[in-house]
Amino acid sequence: MPKLTFSGGVNPYSYKATTKNLQITDLQIPSRVVIPIVQNLNDEVSVTVIKDEYVSIGQKIGEIKGLNCSPVHASISGKVTDICMWNHPVISLPVLSVVIDSDFKDKKITPKKTHWDYFRYSPEDLVKVIREAGITGLNSGFLSVYSKNALLKEIDTVLVNGCESEPSTTSENRLMIEHAYEVIEGLKIIMYIMDVHKSHIAVEDNSDEAIESLKKVVFKAPNVSIKILKTKYPQNGQRQLIDAVLDKTVHSGTSVTDSGIVIESISDCYAIYQAVVEAKPVTSRVVTVSGSLIEKPGNYNVRIGTLFSDLLDQCGYKKETEKKMKIILGASMTGISQVILDVPVIRNMSGIFTMKEDNVNPKTHACIRCTKCIKACPMNLMPNFISIYAESFKWDECLKYHPEDCIECGCCAYECIAKRPIVQQIKLAKQYKEELHVKA
Ligand code: SF4
Ligand code: SF4
């Protein structure tokens, strides 16, 4: 049977071998965590603890108003030593955060009521449970759909994204291997809430162990099938996933839910199981730490709010020996370069990747019109023209090539022999288009 896939894409050098077979291990309790209360810049937030208060793991420390937001919980036990503005790894400004100093006792709050018999509760009640556990609609496909009331749209399929096609992360792969039961139970909860009777878990063909683990459990869930996809980047893109698994095209200007589909991640399925069945809020997450500057690479269960500097120290970060280095939040293809290391681990962060500076920022040249970027683009765009026009600020010409459809996967830049900063130029074009839209 031909393997399921999409058009375009690339096969970048994979760093997965270093961490793929390493079991998830708990990182030591950090002496301090800094937990951002804000999830978006314009959130209306309130802190529910005061300075010097003793907090236990799982205790609510902040509330956010808004449909796509959720409460924030303490990830260690100890004393609140500050409530202040602190640097955030993604939002470019300092945001309101709670600083907790650990007492290393790992004291937890009294467990809340579990909903293991979730089918006895209404979907609305379960959505409240999930949100109260700190699972946000921002990162969770099904919750954002639910919060926008898009259930009014005809959703008939849940697609679980088990394609971890970024070449440096293995955290989702390990969750499928070690927690297949919880992932599939989480998916069943989502299906119940959305009243959907068909779902697929998409996994790439380089994840044999994950496929085997899922197969051992999935037979108990007759409406769930496992789809094995060809390993290719960016197979984890929403439109690429739908193209490969369902042979459907999500057209420009329409959303995934317009096609009756909701896409959910492996880690969110797992977190939803923990919230509903085990009554556990989100206080940690699995992070892959790897790259040439890490002595002890691995898949670590890290408390939310752990500072990058502490996490890297525990993983044997070789900062003394390497003066020129780059730390990437997320993964090697799409991650954000991180200059400041006193920023905290946040809920939707799957990896940290490190590399020497001579691997990055190479000298760039003029386009030689080789068309490699066009062949690689999974969105069928012409990245070369967008880039050339954006570079010379010829916006009218540039916008004719639809930069807004770009998913910022980086395949074009990866293939470009001239090493042109295509993605940065496309981002500029998108920004220009958004500003035009705001002014209109
Ligand atoms: S133009 Fe955008 S979608 Fe196409 S390859 Fe480049 S980054 Fe990816
Ligand atoms: S890959 Fe680079 S050099 Fe080749 S056409 Fe695209 S932008 Fe130009």
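Predicted model: local features only at pLDDT ≥ 70, side-chain atom pairs only at ≥ 80, totals over all residues.
User: Why is the pair Glu178 and Arg174 called a salt bridge?

Analyst: The N to O distance between the two side chains is 2.9 Å. The cut-off is within 4 Å, for a nitrogen of Lys or Arg and a carboxyl oxygen of Asp or Glu. The pair meets it, so the label is salt bridge.

User: Where do Glu178 and Arg174 lie?

Analyst: Both are in helix H3, residues 171-178. They sit four residues apart, about one turn of the helix.

User: What makes Arg174 buried and Glu178 partly exposed?

Analyst: Buried means under 20% relative accessible area, and exposed means over 50%. Arg174 has 3%, so Arg174 is buried. Glu178 has 27%, which falls in between, so Glu178 is partly exposed.

User: How do you know that Lys433 and Glu404 form a salt bridge?

Analyst: Their N to O distance is 3.6 Å. That is within 4 Å, so the pair counts.

User: What makes this a link between distant parts of the chain?

Analyst: Lys433 is in helix H13, residues 422-439. Glu404 is in the loop between helix H11 (395-399) and helix H12 (411-415). The two are 29 residues apart.

User: Why are Lys433 and Glu404 called partly exposed?

Analyst: The relative accessible area is 33% for Lys433 and 32% for Glu404. Both values lie between the 20% and 50% limits, so both residues are partly exposed.

User: Is Lys430 buried or exposed, and what is Glu408 called?

Analyst: Lys430 has 17%, under the 20% limit, so Lys430 is buried. Glu408 has 27%, so Glu408 is partly exposed.

User: How many salt bridges does this rule give, and which residues are linked in a network?

Analyst: The count is 13. Lys60, Glu63 and Glu132 are linked in a network of salt bridges.

User: What makes the pair Ser267 and Glu172 a polar contact?

Analyst: Their side chains are joined at 2.9 Å. The limit for the N or O atoms is within 3.5 Å.

User: Where is Ser267 found, and why is Ser267 called buried?

Analyst: Ser267 is in helix H7, residues 266-277. Its relative accessibility is 11%, under 20%, so Ser267 is buried. Leaving aside neighbours within four places in sequence, Ser267 is in contact with Glu172, Leu175 and Arg285.

User: Why is Cys411 said to be in no disulfide?

Analyst: The nearest cysteine sulfur, that of Cys409, is 3.5 Å away. A search of the whole structure finds zero disulfides.

User: What makes Cys409 and Cys411 buried?

Analyst: Cys409 has 9% relative accessibility. Cys411 has 0%. Both values are under 20%, so both cysteines are buried.

User: Which residues surround ligand 2, and how do they divide?

Analyst: Ligand 2 is surrounded by Cys367, Ile368, Arg369, Cys370, Thr371, Cys373, Asn384, Cys416, Ala418, Arg420 and Ile422. This shell divides into seven nonpolar, two polar and two charged residues. Cys counts as nonpolar here.

Definitions and conventions: Residues numbered from 1 in each chain as written. Chains lettered and ligands numbered in written order. Heavy atoms only, no water. Buried < 20%, exposed > 50% of the residue type's maximum accessible area, 1.4 Å probe, protein only. Polar contact = N/O pair within 3.5 Å; in protein donor to acceptor, adjacent residues only side chain to side chain. Contact = heavy atoms within 4.5 Å. Disulfide = S-S within 2.5 Å. Near = heavy atom within 4 Å.
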